[in-house]
Amino acid sequence: MMAARWADIERSLANSRLHFAMAIEAFEEVKGATSDKQRYFRRGSFMHAMLAGYTSFENAMKDLTGLLEEPLPAGHDWHRALIERLAAPLAGQRPAVLDDERLVIAIDALRGFRHVAAHAYDRFDDDRAAVAASKAGVFLDGIGPALARFRAVIDPD
């Protein structure tokens, strides 16, 4: 059963990695757009990929809390609370899932940009998008090793 749940988590993380990698590529293409139409579609692709990347990551973390038999946070700020919970160890129960502060900062920035991507249809801030694309790169570099370290402790087989 645990193997099947890990497979679900890994599938969501693979989707997240794909979307964030495509978001980085799409952002590079935004910079090279030569017409308003190109800019429109490339920005939309970037925003969608960022939204999908974060949603897939969050789905993986919700599945992981289920595997750990931990309740999901509740309330209007549950998205933020989920990151905070997974970035902290639970005394006597588990280490921090997200044990790399640079990764946690990147994930929190991606969470914030997910909101922008979902609600800022008519505004595109190139500087903010550049920061988000950079944080997606930090995520891509760090999420695999962080989850591998965590799994090695709680499920070494």
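Visitor: Where in the chain does Ala23 lie?

Guide: Ala23 lies in helix 1. A helix here is a DSSP run of H or I with at least four residues, a strand is a run of E with at least two, and both are numbered from the N terminus. Please keep in mind that this is a predicted model, in which local features need pLDDT of at least 70 and side-chain atom pairs count only at pLDDT 80 or more, while totals for chains, interfaces and linings use all residues. Residues are numbered from 1 along each chain as its sequence is written, and side-chain values use heavy atoms, with hydrogens and water left out.

Visitor: Why is Ala23 called buried?

Guide: Buried means under 20% relative accessible area, exposed means over 50%, and partly exposed is in between, with a 1.4 Å probe and protein chains only. Ala23 has a relative accessible area of 0%, so it counts as buried.

Visitor: What does Ala23 touch, apart from its neighbours within four places in sequence?

Guide: Ala23 is in contact with Phe46, Ala49 and Met50, where contact means heavy atoms within 4.5 Å. Pro95 is another matter: 72 residues along the chain from Ala23, its C-alpha atom is separated from that of Ala23 by 31 Å.

Visitor: What makes Ser16 buried?

Guide: Ser16 sits in helix 1, which covers residues 2–31. Its relative accessibility is 0%, so Ser16 is placed in the buried class. Beyond its neighbours within four places in sequence, Ser16 contacts Gly53, Ser56, Phe57 and Phe139.

Visitor: And how do you know that Ser56 is buried?

Guide: The relative accessibility of Ser56 is 12%, and therefore Ser56 counts as buried. Ser56 belongs to helix 2, residues 36–67. Not counting residues up to four places away in sequence, Ser56 touches Ser12, Asn15, Ser16 and His19.

Visitor: What makes Glu69 exposed?

Guide: Glu69 has a relative accessible area of 73%, so Glu69 counts as exposed. Glu69 is found in the loop between helix 2 and helix 3 (78–86). Its phi is near 60 degrees, a positive value in a residue other than glycine.

Visitor: Why is Pro145 called partly exposed?

Guide: Relative accessibility comes to 39% for Pro145, so the label is partly exposed. Pro145 is in helix 5. The C-alpha atoms of Pro145 and Asp100 are separated by 9.5 Å, and these residues are 45 apart along the chain.

Visitor: How do you know that the side chains of Asp155 and Trp6 make a polar contact?

Guide: A polar contact is a pair of N or O atoms within 3.5 Å; within protein, one must be able to donate a hydrogen and the other to accept it, and residues adjacent in sequence count only if both atoms are side-chain atoms. For the side chains of Asp155 and Trp6 the value is 2.9 Å. Asp155 follows helix 5 (126–154), and its relative accessibility of 16% is why Asp155 counts as buried. Asp155 is also in contact with Met2, if neighbours within four places in sequence are left aside.

Visitor: What is the secondary structure of the chain, and what makes the chain as compact as a globular protein of its length?

Guide: The chain has five helices and zero strands. Its radius of gyration is 16 Å, close to the 15 Å that the globule rule gives for 157 residues, so the chain is as compact as a globular protein of that length. That radius is taken over C-alpha atoms, and the rule is 2.2 Å times the number of residues to the power 0.38. Along its principal axes the C-alpha trace spans about 55 × 30 × 25 Å.

Visitor: How much of the chain is buried?

Guide: Buried residues make up 39% of the 157 residues. Among contacts with a separation of 6 or more, 72% are between residues 24 or more positions apart.
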